[in-house]
Amino acid sequence: MRGDNSWQTITSVGGNTGVDFNDDVKARFGSSNQLEIFYGSSIGNVKVTSGNLNLISSGGVVTKVNTSEDAIVCNANGSVDLYHDNSKKLETASGGVTVTGTVAATAYTGDGSALTGVS
């Protein structure tokens, strides 16, 4: 805010190196701070206190562990893939899902009469 009590529009923040925040300092968005982004206690946090958190991309959305291991991959107009230790275990498709590995369940519904490929 300038000395004459009028607001100044900021068109650039941080320059070429970005903006740095100390631990436990939150970047807050919304008229009631409904979205917070912060780091503390060795955990990075994105917190939404009302509504949904949407990740929007013209391509896919990928969550990674250790910057290199895929965890969840949401492909544009396609499958959602779940990984264990960077190995795809479940993939959705227009006709259902494909599981790689063993499926363990404590219960199931249906009588199995519509299953195919089972001897």
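Biologist: Does K64 count as buried, exposed or partly exposed?

Modeller: The model is a predicted one. Buried requires under 20% relative accessible area and exposed over 50%, with partly exposed in between. The relative accessibility of K64 is 45%, so this residue counts as partly exposed.

Biologist: With which residue does K64 form a salt bridge?

Modeller: Side chains of opposite charge can pair when their charged atoms come close. For K64, the closest N and O atoms of the pair lie 2.5 Å apart. This falls under the cut-off of within 4 Å, and the partner of K64 is D70.

Biologist: Which residue forms a salt bridge with E36, and where in the chain is that partner?

Modeller: E36 belongs to strand β2, residues 35-40, and the pair links distant parts of the chain, 10 residues apart. The closest N and O atoms of the pair are 3.2 Å apart. The partner lies in the segment before β1 (27-29) and is K26.

Biologist: Which residues are joined with D81 into one network?

Modeller: D81 and K88 meet through their side chains in a salt bridge, at 3.8 Å from N to O. D81 has 3% relative accessibility and therefore counts as buried, while K88, at 31%, counts as partly exposed. Salt bridges with shared partners extend this pair into one network, in which D81 is joined with K88 and E91.

Biologist: How many salt bridges does the structure hold?

Modeller: Among them are the pair of K64 and D70 and the pair of E36 and K26. The pair of D81 and K88 is also one of them. For the structure, the number of salt bridges is four.

Note on methods: Residues are numbered from 1 along each chain as its sequence is written. This is a predicted model: local features need pLDDT of at least 70, side-chain atom pairs count only at pLDDT 80 or more; totals for chains, interfaces and linings use all residues. Side-chain values use heavy atoms; hydrogens and water are left out. Helices (H or I, at least four residues) and strands (E, at least two) are DSSP runs, numbered from the N terminus. Buried means under 20% relative accessible area, exposed over 50%, partly exposed in between (1.4 Å probe, protein chains only).
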